[in-house]
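Q: I have a chain on screen and want to go through it piece by piece. Can you take my questions as they come?

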Amino acid sequence: MRKYITLLSVSASLFISSSTIAQRVNQCGIIIPPKSLQSNFQSVYEARGYINTMLDSINWKENFNLEEQNGINNAYATIIRNKRYIVYDNDFLENLDGYAGTKWASISVLAHEMGHHYRNHVVDTRGSTPPKEIEADYFSGYVMAKLGARKNEALAAMEKIASPTASSTHPAKAQRLTAITNGWNYAMGISTTNNPTTAPQPQKNPPPASDDASWIYLSLYGNADMNVYLSDNGKDYTSAPLKTNQPFVFKFEVYNHGWLRFADKSGPTFKLLHGKDYAIIWSRRSNNWTVIPVP
């Protein structure tokens with residue numbers, strides 16, 4: 001029990017679970033969906049398939065651990081022993097789909113929790129806050145659009161179970177629906193500032209949080225795209241594609257710094273810090289690519 005309490009203290013969740021499963025509304029005003037007569041959401045394997053599809057849709061290489069924890073009427077993101085987890089109640093997701101009338105409801109919940117990881121919300125151990133939830137809602141709307149969901153399908157879960165009033169940890173329903181809509185619109189290239197004479201351009205990746213200065217901007221100055229290799233721990237490297245016409249915006253997963261190489265297992269290693277901008281340029285002196293901080 002002690003371990004479970006500690007786990008929840010470092011998680012960022014979509015909903016705060018009810019202490020009494022029979023309640024239709026929990027202490028935060030979130031409606032617990034009634035039991036569904038259909039069983040559509042089958043297992044952790046199906047959840048893994050959805051997560052992988054979401055990762056592919058935004059070109060994000062991450063390895064999430066998924067864990068079923070039935071009875072919590074909830075889903076939440078957390079870090080356990082420096083590994084990312086999404087924990088969910090399988091029955092909760094099944095019932096939610098039945099209540100909302102669409103399979104997109106449960107998928108949007110998983111996308112929301114993935115958004116907490118994408119924004120590194122769970123690293124600070126402070127749990128849920130309204131700004132974090134808004135960012136995760138925006139991310140959910142963005143991913144739903146990338147997966148082909150209509151706007152009403154992206155909104156389906158929150159339309160049914162969100163609280164109409166805000167709390168100290170979660171925003172009000174109207175704010176959450178707006179955030180999801182904004183994320184969906186951004187993915188589809190829809191903006192109030194779009195020139196009506198110009199066709200909207202869909203966005204490949206969601207933007208970093210506007211009030212979060214800890215993201216790293218990595219810009220390539222060259223004539224062709226290239227891959228670099230990034231690592232949290234200096235041991236395990238993952239390929240990251242860079243384009244000459246756009247910055248690569250990211251955070252390292254657990255620590256506030258990481259490492260970059262131009263080859264997976266050899267060559268010089270460059271340390272990158274959160275909150276810094278870096279340029280990749282060709283050095284005539286060393287006759288090689290190098291990384292320099294941008295003031």
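Predicted model: local features only at pLDDT ≥ 70, side-chain atom pairs only at ≥ 80, totals over all residues.

Q: Where does Ser 283 lie, and is it buried or exposed?
A: Ser 283 is part of strand β11. Its relative accessibility is 17%, so it counts as buried, the cut-off being under 20%.

Q: What does Ser 283 touch, leaving out residues up to four places away in sequence?
A: Asn 288 and Thr 290.

Q: And the loop between β11 and β12, what about Asn 287 there?
A: Asn 287 sits in that loop, between β11 (277-283) and β12 (288-294). Its phi is positive, about 55 degrees, although it is not a glycine. For background, most residues other than glycine have a negative phi.

Q: Is Asn 287 buried or exposed?
A: Exposed: Asn 287 has 55% relative accessibility and therefore counts as such, since the cut-off is over 50%.

Q: Which loop holds Asn 73?
A: The loop between β2 (65-68) and β3 (75-80). Asn 73 also has a positive phi, about 50 degrees, without being a glycine. At 9% relative accessibility, Asn 73 counts as buried.

Q: How far is Asn 73 from Leu 93?
A: Their C-alpha atoms are separated by 8.4 Å, and the two residues are 20 residues apart along the chain. Leu 93 belongs to helix α3 and counts as buried, with 0% relative accessibility.

Q: Back up a bit. How many helices and strands are there in the chain?
A: Seven helices and twelve strands. The chain has 295 residues, of which 47% count as buried.

Q: What share of the contacts between residues at least 6 apart in sequence join residues at least 24 apart?
A: 61% of them.

Q: On to the helices. At what angle do α3 and α6 pack?
A: About 95 degrees, with the axes of α3 (residues 90-100) and α6 (residues 151-161) 10 Å apart. That angle makes α3 roughly perpendicular to α6.

Q: Which residues of α3 and α6 meet?
A: From α3, Phe 92, Leu 96, Tyr 99 and Ala 100; from α6, Ala 156, Ala 157, Lys 160 and Ile 161. By class, the contact of α3 with α6 has seven nonpolar residues, no polar ones and one charged.

Q: Which residues in α6 are buried?
A: Glu 153, Ala 154, Leu 155, Ala 156, Ala 157, Met 158 and Ile 161.

Q: What covers the buried residues of α6?
A: The cover includes α3, α4, α5 and α7.

Q: α4 came up. Where is His 112?
A: His 112 is in helix α4, which spans residues 104-118. With 1% relative accessibility, His 112 counts as buried. Its side chain makes a polar contact of 3.1 Å with the side chain of His 116.

Q: How do the axes of α5 and α7 cross?
A: They come within 7 Å and cross at roughly 40 degrees, with α5 covering residues 130-146 and α7 residues 173-187. The two helices are therefore oblique to each other, and their crossing is right-handed.

Q: Which residues of α5 and α7 meet?
A: Those in α5 are Glu 133, Ile 134, Asp 137, Tyr 138, Gly 141, Tyr 142, Met 144, Ala 145 and Lys 146. Those in α7 are Gln 175, Arg 176, Ala 179, Ile 180, Asn 182, Gly 183, Trp 184, Tyr 186 and Ala 187. The contact of α5 with α7 has ten nonpolar, four polar and four charged residues.

Q: Last one, Lys 132 in α5. Buried or exposed?
A: Lys 132 counts as buried, at 7% relative accessibility. Lys 132 and Val 122 are ten residues apart in sequence, with 9.6 Å between their C-alpha atoms.

How values were computed
Residues numbered from 1 in each chain as written. Heavy atoms only, no water. Axes fitted to C-alpha atoms, helices over the stretch in contact; angles between N-to-C directions. Helix = DSSP H or I, 4+ residues; strand = E, 2+ residues; numbered from the N terminus. Parallel < 35°, antiparallel > 145°, perpendicular 65-115°, else oblique. Left-handed = near helix turned anticlockwise from the far one by under 90°. Contact = heavy atoms within 4.5 Å. Nonpolar A, V, L, I, M, F, W, Y, C, P; charged D, E, K, R; others polar. Buried < 20%, exposed > 50% of the residue type's maximum accessible area, 1.4 Å probe, protein only. Polar contact = N/O pair within 3.5 Å; in protein donor to acceptor, adjacent residues only side chain to side chain.
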